[in-house]
Amino acid sequence: MKKLISVALAGTLALSLAACGSSASSSAAESTAPAESEAASTSEAASEEATSDLAGTTLKVAASPTPHAEILNAVKDILAEQGITLEVVEFSDYVQPNLVTESGEVDANYFQHGPYLESFNEENGTHLVSVGAIHYEPFGIYPGKSSDLENIADGAVIAVPNDTTNEARALQLLAAQGIITVRDGAGLTATVNDIEENPHNVKIEEIEAAQLPRTVADVDFAVINGNYAMEAGFSVGKDALAIEDASSEAAQTYANLLVVKEGNENDPAIQALFAALTSDTAKDYINNTYDGAVVPIF
């Protein structure tokens, strides 16, 4: 109440009555109170009501360690101000976070893009939906035994992720560098069977995405997901030989999402989490932390 009175520019008594819900007053002071004072009162009342409603709430969110868990931890204080405790549960694979979200062991997850989510639902019979997009992580080609894409050796071995959506993304990046050509129309569903021209006779080695950084020394090049590259200590700006262009189809498609089980997307606590993840605090943290490896899209 003291905050409401302090922001009033006129009509202190009338404003006090309005804050208490009185409809009887019709004084001149009340009628001339600035519109912004009323707006401030409404906004703060709504904020206090939301805080009251959410006080004592605990949200458990499954996430990849980098950057997703780090970004979540960076916005904990925003949620704490609303009475929400955020627990971040880290996973190093792309399967368990969706399974525990489907089962209700966690309230949400933050690690995946839309095509992977759609594919996972289709293949596993899960019912997961996006709350909204948070950031984009450029795929990069990283050096292993070789470091010169311009003079790639005949028969060079290139490691790519072995899951459907990420493999297509890797192949399209290789095609953009002229290393291979991919069948027209294959788009982001491309597999090795869609390679039409391979002038350098490169061998595509399919490896589980999380293992790619560990095997890069055993191949000539590796196409690595942004978060796994960061975990392994790679810098997109310094180490990647090529990355996805911001205007590419992949860049527009592969935004990382906050995901929940269908029916929970409009839950007030989940919406508060999404708001925190798309706040200026989150944007500043991402831009100041990841050397271009993570790009906010809000």
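Analyst: Let us begin with two helices, α5 and α14, which are oblique to each other. Please keep in mind that this is a predicted model.

User: What angle do α5 and α14 pack at, and how far apart are their axes?

Analyst: Helix α5, which covers residues 65-74, and helix α14, which covers residues 280-289, pack at an angle of about 135 degrees, and their axes are 9 Å apart. Angles over 145 degrees would count as roughly antiparallel and those from 65 to 115 as roughly perpendicular, so this pair is called oblique.

User: Is the crossing of α5 and α14 left-handed or right-handed, and which residues make the contact?

Analyst: The crossing is right-handed. On the α5 side the contact is made by Glu70, Ile71 and Ala74, while α14 contributes Thr281, Tyr285 and Ile286. Sorted by class, the contact between α5 and α14 has 4 nonpolar residues, 1 polar residue and 1 charged residue.

User: Okay, new topic: how many salt bridges are there?

Analyst: The structure holds 4 salt bridges. One of the salt bridges joins the side chains of Lys261 and Glu102, with a distance of 4.0 Å from N to O.

User: Where do Lys261 and Glu102 lie?

Analyst: Lys261 lies in strand β12 (residues 255-261) and Glu102 in helix α7 (residues 96-103), so the pair ties together parts that are 159 residues apart in sequence. Lys261 is partly exposed, with a relative accessible area of 31%, whereas Glu102 is buried, at 16%.

User: And what about Arg183, which residue does it form a salt bridge with?

Analyst: Arg183 forms a salt bridge with Asp194, and their closest N and O atoms are 2.9 Å apart. Both residues sit in the loop between β7 (181-182) and β8 (195-197), 11 residues apart. Arg183 counts as partly exposed at 37% relative accessibility, and Asp194 counts as buried at 12%.

User: One more, please: where are Asp291 and Lys238 in the chain?

Analyst: The side chains of Asp291 and Lys238 also meet in a salt bridge, at 3.9 Å from N to O. Asp291 is in the loop between α14 and β13 (295-296), and Lys238 is in the loop between α11 (226-231) and β11 (242-243), so that this pair links distant parts of the chain, 53 residues apart.

Notes
Residues are numbered from 1 along each chain as its sequence is written. This is a predicted model: local features need pLDDT of at least 70, side-chain atom pairs count only at pLDDT 80 or more; totals for chains, interfaces and linings use all residues. Side-chain values use heavy atoms; hydrogens and water are left out. Axes are lines fitted to C-alpha atoms, for helices over the stretch in contact, and angles run from 0 to 180 degrees between N-to-C directions. Helices (H or I, at least four residues) and strands (E, at least two) are DSSP runs, numbered from the N terminus. Angles under 35 degrees count as roughly parallel, over 145 as roughly antiparallel, 65 to 115 as roughly perpendicular and the rest as oblique. A crossing is left-handed if the near helix is turned anticlockwise from the far one by less than a right angle, and right-handed if clockwise. Contact means heavy atoms within 4.5 Å. Ala, Val, Leu, Ile, Met, Phe, Trp, Tyr, Cys and Pro count as nonpolar, Asp, Glu, Lys and Arg as charged, and the others, Gly among them, as polar. Buried means under 20% relative accessible area, exposed over 50%, partly exposed in between (1.4 Å probe, protein chains only).
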